[in-house]
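User: Got a model open here and I'd like a quick walk through it. Can you take me around?

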Amino acid sequence: MASRSESVVGDRTRRRPVHADDSAAAGHDRPDTVVRTRGFSPDRGYGRRDGPRPTGDRPKTPATAAATDRSGATVRLIATTNRGFESVSTDEVAGLVSASPSVVWPGAIAFEGDESTLYRLHARARTINRVLVEVAAGPVDGLDDVAALVGTATIPEYVAPGRPFAVRSTRHGDHPFTSMDVADRVGRATIDAVRAAGGDLPVDLDDPDTILRVFVREDYAWLAVDVTGGRSLHRRGYRTVEHEAPLRPTMAAALCRLAGVDDGTSVLDPTCGCGAIPIEAALLARDRPPVPDRQFAFDAVPFADVDQFRAVRDDHPTRGRCPPIRGIDVEDRWIAGAHRNAAAAGVDDDVAFELGDATATTPSADLVIADLPFGVRTDGTGLDTLYRGLFDALGDEPERVVVFTARDDLVPVEPTRRLDVRHGRLDAAVLIVE
Ligand SMILES: C[S@@+](CC[C@H](N)C(=O)[O-])C[C@H]1O[C@@H](n2cnc3c(N)ncnc32)[C@H](O)[C@@H]1O
């Protein structure tokens with residue numbers, strides 16, 4: 001794995017070096033070695049007291065808004081994904097919205113799009129975690145430069161006034177400031193910009209409607225409005241039972257894409273746990289929305305409309321047929337959890353789960369997709385036997401085998417293709433064998 005490069009941002013006003021990655025983000029999909037810090041004291045509220053949070057129905061577009069109508073206009077979008085899976089998400093986004101994404105930092109891709117791009121990605125994309133509208137970006141040499149980025153954008157075009165607002169910031173590299181400093185300065189500058197346009201932004205750090213995310217990576221920074229909102233897209237509603245070593249559903253979906261799941265391929269997950277891979281395979285095969293019934297933060301940007309999003313999401317026929325999809329696990333409790341999750345996802349008729357030993361099964365599936373145990377959160381004894389026994393059992397039968405593991409040294413066959421990825425704090429790999 002390429003190691004993270006760290007460089008010192010020269011800063012004439014250096015107070016103290018802050019070496020670790022850090023984040024003032026609550027619930028943000030942060031880099032793995034982030035030192036998490038809580039945001040800001042509600043008392044501080046970016047240096048202001050903005051009065052009580054509005055109650056009741058929030059106005060879609062407040063009367064004070066000087067919002068420019070950007071309907072149909074092209075904006076720059078950033079989608080966050082799981083590190084190492086950028087190429088998979090790039091393919092997915094390109095196919096869904098005819099964009100040409102490029103990687104902006106590990107775990108993030110950027111591309112051009114309009115409001116319909118936002119709707120389509122939130123309705124259909126399976127491998128990305130968040131979609132953000134880029135407000136400003138540029139090189140930075142100190143905190144003043146980060147705050148000054150706010151002034152380079154016409155903020156009311158991107159941030160809907162009148163709605164409870166918070167800044168979450170993530171910092172990567174060596175800087176003389178923390179992510180909390182970043183969020184505080186950017187928050188103040190954004191409120192000032194909205195006020196200058198005749199609007200207001202009440203601060204609500206705990207339950208904001210609008211989240212402005214700031215990413216400072218070495219000597220470059222991005223400001224972006226989070227249209228996905230507080231809950232990442234990887235938080236699928238069906239996960240009612242969580243495995244002790246869970247695979248993110250957005251990663252499971254990426255493995256399914258790498259395997260080539262469609263409505264005509266049979267699938268086997270020989271170590272299925274609570275069923276993330278079989279469930280994502282069924283949703284993909286049927287082309288069903290991965291995150292149905294979720295509220296997103298379309299009201300955060302003045303040019304998006306939640307009703308249009310619902311129309312896009314609902315106006316999409318799903319496929320009637322599903323190929324045989326099976327999951328096997330050696331532990332009863334996980335099979336029970338997989339059944340419950342599949343029922344919650346509405347695919348219990350499409351997926352079969354059974355108790356069994358992967359090394360003793362005779363797999364008859366076109367595609368085998370496995371999140372193999374690697375002994376960090378699960379029992380690590382006998383891994384060698386499991387890996388060897390599984391590949392012996394599989395033989396040449398499957399068209400393609402895709403395995404996700406942090407113990408690729410135990411995989412007894414040479415992969416055709418390999419992706420180096422991150423799994424929490426671990427270096428892991430996806431191996432594709434054909
Ligand atoms: C990393 S977990 C899979 C987690 C799953 N992807 C999820 O998100 O719920 C690996 C699973 O392999 C199962 N396992 C271990 N040895 C096995 C074997 N010989 N046959 C089948 N399953 C096995 C474990 O019980 C565990 O549930």
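Predicted model: local features only at pLDDT ≥ 70, side-chain atom pairs only at ≥ 80, totals over all residues.

User: OK, which strands does helix α7 lie across?

Analyst: Helix α7, residues 276-286, lies across β10 (267-269), β11 (325-329), β12 and β13 (367-371). Its angle to β11 is about 175 degrees.

User: And what's the strand order in that open sheet?

Analyst: Going across, β12-β11-β10-β13-β14-β16-β15, so seven strands with mixed pairing.

User: Which ones are the edge strands?

Analyst: β12 (351-355) and β15 (417-423), each of which pairs on one side only.

User: How many degrees are neighbouring strands turned against each other?

Analyst: On average 15 degrees, ignoring direction.

User: Let's zoom in on β14 and β16. Parallel or antiparallel?

Analyst: Antiparallel: five bridges join β14 (residues 400-405) to β16 (residues 426-433).

User: What's the bridge partner of V402 there?

Analyst: That's I432, in β16.

User: Switching topic: where does V413 lie?

Analyst: V413 is in the loop between β14 and β15.

User: Why do you call V413 partly exposed?

Analyst: Because its relative accessible area is 30%, and partly exposed covers the range between the buried cut-off of under 20% and the exposed one of over 50%.

User: What does V413 touch?

Analyst: Leaving out residues up to four places away in sequence, V413 touches F391 and V433.

User: How many residues apart are V413 and F391?

Analyst: They're 22 residues apart in sequence, and in space their C-alpha atoms are 7.9 Å apart.

Methods
Residues numbered from 1 in each chain as written. Heavy atoms only, no water. Pairing = 2+ DSSP bridges. Helix = DSSP H or I, 4+ residues; strand = E, 2+ residues; numbered from the N terminus. Axes fitted to C-alpha atoms, helices over the stretch in contact; angles between N-to-C directions. Contact = heavy atoms within 4.5 Å. Buried < 20%, exposed > 50% of the residue type's maximum accessible area, 1.4 Å probe, protein only.
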